[in-house]
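Thanks for making time, everyone. I'd like to walk you through one model today, so let me put it up on the screen.

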Amino acid sequence: GASGGPFEFGVSGYLIKSNFEPWAKDSIVAIDAGTYMSGVMQALRPATSASAISPAQQQLGSGLLPYVSPLTNAAYVVRELVAAVCITHAHMDHLAGFVVNSGCFTVDNPKKLAGLPWVIDGVLKHIFNNVIWPNMSNEGDDPIGMVTLHRFSSNAVKASNNSDEPVDVIEDTFDDEDAYENIANGLDIRAYSVSHGCVHGAGMAPKAYESSAYFVRDKRSGREILMFGDVEPDSVSMDPKNRPVWIAAAQKFGRNKLSAIFIECSYASIQPEHSLFGHLSPPYLIQELKMFAS
């Protein structure tokens, strides 16, 4: 799914696999999981006619899936083929499917939930807290251990000489091997923090709410895709963070390593700036792409 509501189906969730890897255990990485098993099941439902074969059915033919039922095959995909779910931020339209499906995992075969440290800490504190949901994780109070929490390293941009140096002349470290982590068979990932609006606490100054952008790299070809979670334009953000991501993307594009960019654009052009709520509209998307181009 690619929506953020208002319907509870089809909300954000994406599956990625290397072309060079077989459909096998731990061969898929999920980016967000607002929709999870139900989305896979929907993709695997039999076509209504012989000529209407879905892309998922073309990829996952009957010879690659062990069961007859779409539901059972969907459970097989999410339990066995998906190595990890990497969430960009802990809003429910990016997380709810994983949480509801967490009961289908086992202690012997736990599922990895990965994200930047503050994202994972938020899930542990506010979701897997034995109040909103049982603590299915391997941390915190009374853990069940069906979910293994994994925190990505935060990629803070460092200037080559001093911290006041413009970001345009930062040291070229965007292909640093230490910044990538292997997350599935044949796939490495690197995480960047981006801003997704601001939050106002009672008696507290407003602060930026952080989301993530992921570079997902195919180990064999070296090619990458850039996956944004929800993101706001730098021009309206109280903590702009997109420019370093665009510089990294531009460097990869210049070396013919960047294959695609997935980025949200939630509102129509008429949406006023003060009502973007941490999202993009077409004029601001164009503004961000101009930054990438420059």
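First, the housekeeping. This is a predicted model, so local features need a pLDDT of at least 70 and side-chain atom pairs count only at 80 or more, while totals for chains, interfaces and linings use all residues. Residues are numbered from 1 along each chain as its sequence is written, and side-chain values use heavy atoms, with hydrogens and water left out.

How confident is the predictor? pLDDT is its confidence in each residue, from 0 to 100. The mean for the protein chain is 88, and 86% of the residues reach 70 or more. The stretch to watch is residues 157-172, where pLDDT is below 50. Beyond near neighbours in sequence, that stretch has 17 contacts in the model, a contact being heavy atoms within 4.5 Å.

Now the build. The protein chain has 7 helices and 10 strands. Those are DSSP runs, numbered from the N terminus: helices are H or I with at least four residues, strands are E with at least two. Of the 294 residues, 44% count as buried. For us, buried means under 20% relative accessible area, exposed means over 50%, and partly exposed is in between, using a 1.4 Å probe and protein chains only. And among contacts with a separation of 6 or more, 63% are between residues 24 or more positions apart.

On to the inside. A nonpolar core here is a set of buried Ala, Val, Leu, Ile, Met, Phe, Trp, Tyr and Cys residues joined through side-chain atoms within 4.5 Å. Which residues have the most contacts inside the largest one? Leu113, Phe128 and Ile183, in a core of 50 residues. Take Phe128: leaving aside neighbours within four places in sequence, its contacts include Phe98, Leu113, Trp133, Met136 and Val147. Apart from that core lies another one of 19 residues, with Tyr180, Tyr192, Val245 and Ala249 among them.

In H1, residues 37-44, the buried residues include Met37, Val40, Met41 and Leu44. They cover an arc of only 100 degrees around the axis, so they sit on the same side of H1; the arc is taken from the directions from the helix axis to the C-beta atoms. Then there's H5, residues 117-126, where Val119, Ile120, Gly122, Val123 and Leu124 are buried. The buried residues of H5 pack against strands E4 (111-115), E5 (147-151) and E8 (207-218).

While we're on E8, look at Ala213, which is in that strand. Ala213 has 0% relative accessibility, so it counts as buried. Not counting residues up to four places away in sequence, Ala213 touches Arg190, Tyr192, Phe228 and Val245, among others. Ala213 and Phe228 are 15 residues apart in sequence, with their C-alphas 4.3 Å apart in space.

Okay, rings. The structure holds 10 aromatic pairs. Rings of Phe, Tyr and Trp (its six-membered ring) pair if their centres lie within 6.5 Å; planes under 30 degrees apart are stacked, over 60 edge-to-face, and the rest tilted. Phe7 and Phe9 have ring centres 5.4 Å apart and planes at 20 degrees, so they're stacked. Both Phe7 and Phe9 are exposed. Tyr14 and Phe262 make a tilted pair, 6.5 Å centre to centre with 55 degrees between the planes. Tyr14 is in E1 (residues 13-17) and Phe262 in E10 (residues 258-262), so this pair ties together parts that are 248 residues apart in sequence. Ring pairs also link Phe228, Trp246, Phe253 and Phe292 into a cluster.

We've got charges over rings too, meaning NZ of Lys or CZ of Arg within 6 Å of the ring centre and within 35 degrees of the ring normal. Lys17 lies over the face of Trp23 at 4.8 Å from the ring centre, and Arg217 over the face of Tyr180 at 3.9 Å.

Last bit: backbone. Most residues other than glycine have a negative phi, and most peptide bonds are trans. Which peptide bond is cis in this model? The one from Gly5 to Pro6, with omega near 10 degrees; Pro6 is in the segment before E1. Asp26 isn't a glycine but has a positive phi of about 65 degrees, and it's in the loop between E1 and E2 (28-33). Asp142 also isn't a glycine, with a positive phi of about 50 degrees, in the loop between H5 and E5. Asp142 is exposed, at 60% relative accessible area.

Technical notes. pLDDT = per-residue confidence, 0-100.
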